[in-house]
Every structure is written in structure tokens, then in C-alpha cells.
Amino acid sequence: MSVTASHHLLPVARGIFVNSPPPLPPRPLHFSPPSKTPPVTAFPRFPEKTTPPGALPHPHRRGKKLRPSSARKRSSIGAGSSEMETRRRIAAQAALCSACLAAAAAALVLLSSSSPSSSFDFGELARFAPDPWEPKSGPPAVRRSVARERAARSSSSSDPVRAASAAGVRPSPRGSTAVAAAIVSFNLVRGLLNFNDGPLIRSDPQRKTEEASEERKLELGLARARAAIRKASKLGDRPSNRSGYGTAKAVYRNRRAFLQSYMEMERRFKVYVYSEGEQPIVHDGPCKDIYTMEGRFIHEMEHGSSSARFRTRDARRAHAYFMPFSVTWMVRYLYKPPTYDLTPLRRFVADYVRAVSTKYPFWNRTRGADHFMVACHDWGPHASLGDRHLYNNSIRALCNANASEGFNPQKDVSLPEIHLLDGNISPKLLSPPQPNVPRPLLAFFAGGLHGPIRPLLLRHWKDKGDPEVRVYGYLPKHLDYYTLMLQSKFCLCPSGHEVASPRIVEAIYTECVPVIISEHYVLPFSDVLDWDAFSVKVEVSGIPRLKEILKAVPEDEYRRLRQGLKAVRRHFVLNQPAKRFDVFHMVLHSIWLRRLNLNLG
């Protein structure tokens with residue numbers, strides 16, 4: 001597949017920034033539009049015999065009208081071939097296989113019986129092995145191959161040199177019978193691989209034709225998906241019962257377009273998971289603590305119930321290719337603290353990309369543009385620097401979605417950071433209080449003092465004695481973190497060392513309106529969700545006036561934000577097994593959108 005710009009595609013919507021940087025230039029697209037060329041036949045055929053203009057028809061067909069090739073009766077093995085020709089081809093290939101085995105056995109016997117002092121130069125095989133079939137197509141080649149195989153079979157049992165001479169092979173100047181027998185085997189093997197008259201063994205052009213046909217089918221399906229999504233986006237937000245999923249339309253940029261895109265993903269999207277690599281760094285990841293999202297996605301993609309729907313074992317039929325390595329486990333097993341040397345991580349990523357690009361053709365086809373990785377560790381973006389095409393072209397699903405550090409929302413995916421201490425959601429967060437239950441606290445925060453924003457927040461609001469704004473460093477042991485969140489109207493979510501914070505998802509679980517205090521953070525699923533419908537953004541410069549800003553939110557607006565939190569909650573929940581519209585499917589949908597390269601805004 002050529003890597004060219006597609007004029008019919010639209011750029012992916014940029015993420016919702018906090019204090020957004022300047023707009024990024026449009027991303028060059030990496031997928032060609034579907035070709036209108038008719039599909040090519042799976043196997044190359046002999047040219048049809050037609051009568052030239054002005055010439056008489058075949059003497060045996062005089063007076064008969066020639067039917068078009070598409071109407072002729074075709075054999076079940078090869079179209080356009082008679083039954084006798086098909087049998088001759090099968091017989092010739094079977095004879096070649098038996099002769100190849102016989103010659104190879106003779107060569108092994110002679111080599112094993114030769115004296116230890118005798119030398120054998122395998123370079124002689126290529127030097128003194130002429131091509132036994134010239135040309136390699138058409139019935140004459142079949143007859144020559146059968147004759148040579150018969151001559152080799154009749155004389156190989158008595159004299160391998162004579163068998164080589166009968167097969168048209170010039171013996172080695174050294175006069176070694178072992179070399180001659182090896183040359184016979186070499187020629188027969190090469191002839192068998194190049195023998196493309198019959199339908200049993202496919203040649204390289206045939207494989208390329210089939211692969212091109214599969215690529216055209218994939219791109220045609222993607223084009224139909226784009227057309228369906230565009231059509232749905234123009235219909236507005238009228239109710240639709242086809243999906244069985246109804247919710248407040250205000251939390252989506254375009255609800256009908258999202259639902260149509262989601263259904264198209266379920267219908268079409270296929271992912272190939274590379275099998276290269278060994279555990280624990282590959283095919284495994286953390287399923288607990290702050291990096292839960294990374295390991296749970298890898299496990300669900302490889303072993304979960306969703307793998308039956310979205311995973312394909314045929315790499316040619318995949319829309320995207322997943323490299324299932326874990327950056328968190330790289331840090332655990334390869335990094336040597338406290339050196340802050342990330343070279344081992346980058347070297348591992350470079351070696352993995354080299355391995356899959358050498359073994360498979362798919363990486364080189366698009367320079368990694370249809371490949372993706374998942375990393376929730378802060379050093380995920382730095383590890384992807386191990387390969388420049390992975391960093392610049394591939395889809396990187398990252399928790400550390402910092403637009404000022406190379407995160408490109410046009411091709412990269414922002415992951416929500418989910419902190420599950422024991423791998424499960426705390427029972428306190430499963431059923432938040434009803435909207436009519438009063439919440440006495442206006443705002444709450446508790447967390448470590450790191451990064452450039454949190455020291456400013458604690459300097460202005462920690463230990464100020466304000467009963468409505470409770471700001472702590474590390475929470476005292478007699479207080480419960482989730483209880484304070486459930487008692488607060490707004491939960492402060494400032495960035496730490498990196499832009500992402502697990503408090504955003506925890507605030508969604510408790511239906512405590514998240515107050516996002518960050519810079520250059522691309523929020524998760526922001527190409528689908530309208531974060532203004534269920535969160536509040538405060539610039540870093542507004543931290544001294546934080547209470548004034550939150551007090552200014554009207555009560556009707558606060559109730560609307562609470563309803564938005566209730567509507568989007570299911571998009572941030574990790575289920576086992578995964579369920580429709582949960583966080584696993586939302587991440588996969590974000591990757592699907594990057595593959596489509598379509599704007600839902």
C-alpha cells in the first residue's frame with residue numbers, strides 16, 4: 001500500500017486542551033483511497049487463445065462461435081485449463097517432489113560416506129547449477145520438467161553423476177559425486193519453487209496479487225464506514241433506537257456520529273496482535289495500582305472476551321497492528337535506578353520494532369502508521385523515541401498526553417489514568433449518593449507535593465482554616481480519601497510531575513465535578529466527549545481565586561454537570577470481562593478513529 005495523502009479524508013479532531021498550545025499542522029495521511037481497479041484473479045493463467053482479425057478460426061472449431069472466457073467451463077483447480085493439462089501439471093509436480101527427495105537422500109548418503117579429508121564447497125552449487133527450465137511457463141516447460149525428472153529417476157539409483165547429467169546439470173570440476181548429487185537436489189528444489197504453471201504452489205506475484213486484493217477490500221470497507229458516519233453526523237441528534245443506548249446528548253460533540261462510528265467499529269475493526277516477545281515485558285502488564293490501564297488493555301486484547309470480536313489471526317485482514325509490550329515492566333526489569341538512563345527502554349523498543357519489521361511486511365508498508373502501542377507509565381513517550389517512525393507515525397496510546405512534549409492529538413490517543421489499588425473499584429465508589437443528598441464541602445484535594453502546579457495550590461489553600469475548601473498534602477490517617485470526595489461538590493485535579501492525574505477518573509466515579517488545573521493536557525476521548533459538559537477548567541493563574549471561581553457556578557449549571565458525570569461514568573469503568581461503551585472499548589474506538597482519520601466534531 002502506498003503512503004500517499006487521501007483527498008477524501010478529514011483530519012482527526014484535535015483534543016480539548018487546557019490553555020491550548022498553537023494549532024498543530026495537518027498530519028499527512030498514510031493510507032491511499034480505495035482503488036477502483038477490478039480484483040485480480042488469484043492465480044496467473046495461460047493467455048486465452050483468440051482468433052486474430054481476418055484469420056480463419058481453428059480447424060476443429062470451424063463454424064463455432066467462440067464464447068467469452070468468463071462463460072467457459074472452468075476446472076475446479078485452475079480456470080482456463082483442460083482436465084488433461086491439469087493432470088499433467090499435478091503429475092509433474094508430484095514427480096518433482098519425489099525426485100527432489102531422492103536426490104537429497106543420495107547427496108546425504110554420499111557426503112556421509114566420503115573421506116574426512118575431502119572438502120565440499122557449497123558455493124559450487126550456485127556456480128555450477130544452471131536453470132533447468134527456460135522458459136518456466138507454458139506446456140513445453142511441463143514436458144521438459146517431466147522428461148528430466150524421469151531421466152533423473154531412472155538413473156539416480158545407479159549413478160548420481162549420470163543422473164545429474166540426465167537432468168541437465170553440469171557436474172562439478174572437482175569430480176565429486178556428492179557435489180553432483182547435491183546439485184541435482186538444488187536444481188530440483190529451485191525448479192519446484194519457480195514452477196508456476198500449476199495451481200498447487202503459489203509464486204510471489206500471486207501472493208502479492210492476493211495481498212493487494214485484501215488491502216483493497218479493507219480500504220473499501222473503511223470508505224463505506226466514513227460515508228456512513230458522515231451521513232449520521234448530518235442528521236443531527238434525533239433519537240436513535242438502533243444502538244440500544246440512550247444518554248444526555250450534551251456530553252457528546254455529535255452523539256449520532258459517535259454511535260454510528262462505534263457500530264462501524266464493532267462491525268469492521270480488526271486488530272492483529274504480534275506474537276513476538278516473551279513475558280513479562282511483552283504480552284503482560286500491571287493490572288493493579290496506578291498503571292492499571294496499561295496491563296488491563298493488553299490482557300483484554302489478548303485473552304479477554306473482546307479479542308474474539310476485534311482480534312484477527314490473519315495479519316493481512318487487520319486494520320491495525322498492536323505491539324503488546326509494557327513500558328511499566330521495562331522500567332521494572334530494565335531500568336537501573338537512580339541513573340535516570342532510559343537507553344535500555346529505547347533499545348528494547350528499537351529491537352522489537354526491528355523484529356516485527358523484518359519478519360512481517362506491514363510495518364514497512366506504512367512506516368508504522370497503522371501500528372499502535374499502549375503505555376500508562378510517565379516514561380512511555382520517552383520509550384517510544386527508540387524508533388523515530390514509532391514516535392512520529394504510529395498511534396501511541398499514552399496516559400502522559402502532554403501536547404508540549406510531542407503528543408500529537410491527530411494521531412495519538414490519550415488514556416485515562418485509573419488507580420485501582422487491588423485491581424477493583426472501591427465499594428465506596430460503586431454507588432455514589434443521589435443528587436438530592438447535600439455535599440457540605442465546596443472543594444477538596446489531597447496529594448503529594450510534586451510538579452510545578454501543586455506547590456502553588458498548597459501554598460494558597462493548605463491550612464487556611466477554610467471550612468469549605470479542604471486542601472491537604474498527604475492525607476492524615478484519621479481521614480478517608482473517598483469519603484471526602486463523596487462529601488465535596490468539586491474535586492481539584494492539578495497535574496503533578498506529568499499532566500495526567502487519576503483523580504479525574506476518581507472524581508467521575510464519585511460524581512464530584514472535576515476541576516482540571518493543568519497545561520497542555522489533551523483530555524481522554526476529547527474527540528468524542530465534550531468535557532465542558534461535566535468538568536470545570538481553571539487556569540494555573542486562577543488558583544488564588546479558586547473559591548471565587550467555584551462559587552460563581554450557578555446551581556442549575558452544577559446540576560447539569562452532575563448529570564453529565566452520571567452519563568459519562570460508564571466510559572471510564574474497567575469491566576472484566578469488558579462491556580460495550582466501557583473504557584476498553586472507548587480506547588479502542590479512539591484508535592479506530594485514528595485509523596479512519598475522521599473528524600466527529
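The accessible surface of this protein chain comes to about 28900 Å², and 55% of that belongs to carbon and sulfur atoms, where accessible areas come from the Shrake-Rupley method with a 1.4 Å probe and, for residues, only the protein chains shown count as cover. Before I go on, please keep in mind that this is a predicted model, in which local features need pLDDT of at least 70 and side-chain atom pairs count only at pLDDT 80 or more, whereas totals for chains, interfaces and linings use all residues. Residues are numbered from 1 along each chain as its sequence is written, and side-chain values use heavy atoms, with hydrogens and water left out.

Of the 601 residues in the chain, 51% are buried, meaning under 20% relative accessible area, with exposed being over 50% and partly exposed in between, for a 1.4 Å probe and protein chains only. The chain holds 20 helices and 10 strands, which are DSSP runs numbered from the N terminus, H or I of at least four residues for helices and E of at least two for strands. Among contacts between residues at least 6 apart in sequence, 73% join residues at least 24 apart, a contact being heavy atoms within 4.5 Å.

Now to the aromatic rings. A search of the whole structure finds 27 aromatic pairs, counting rings of Phe, Tyr and Trp (its six-membered ring) with centres within 6.5 Å, and calling planes under 30 degrees apart stacked, over 60 edge-to-face and the rest tilted. One of them joins Tyr272 and Tyr321 edge-to-face, at 6.2 Å centre to centre and 65° between the planes; this pair links distant parts of the chain, with Tyr272 in strand β1 (residues 271-273) and Tyr321 in strand β2 (residues 320-322), 49 residues apart. Both Tyr272 and Tyr321 are buried. The rings of Tyr321 and Phe362 have centres 4.9 Å apart and planes at 15°, so that pair is stacked, and it connects strand β2 with helix α12 (residues 362-366) across 41 residues. Ring pairs link Tyr272, Tyr274, Tyr321, Tyr360 and Phe362 into a cluster.

Finally, which helix is mostly covered, with eight of its eight residues buried? That is helix α17, residues 503-510, whose buried residues include Arg503, Glu506 and Tyr509. The cover over these buried residues includes, among other elements, β6 (441-446), β8 (488-494) and α19 (555-568). After α17 comes Glu511, whose phi is positive, near 55°.
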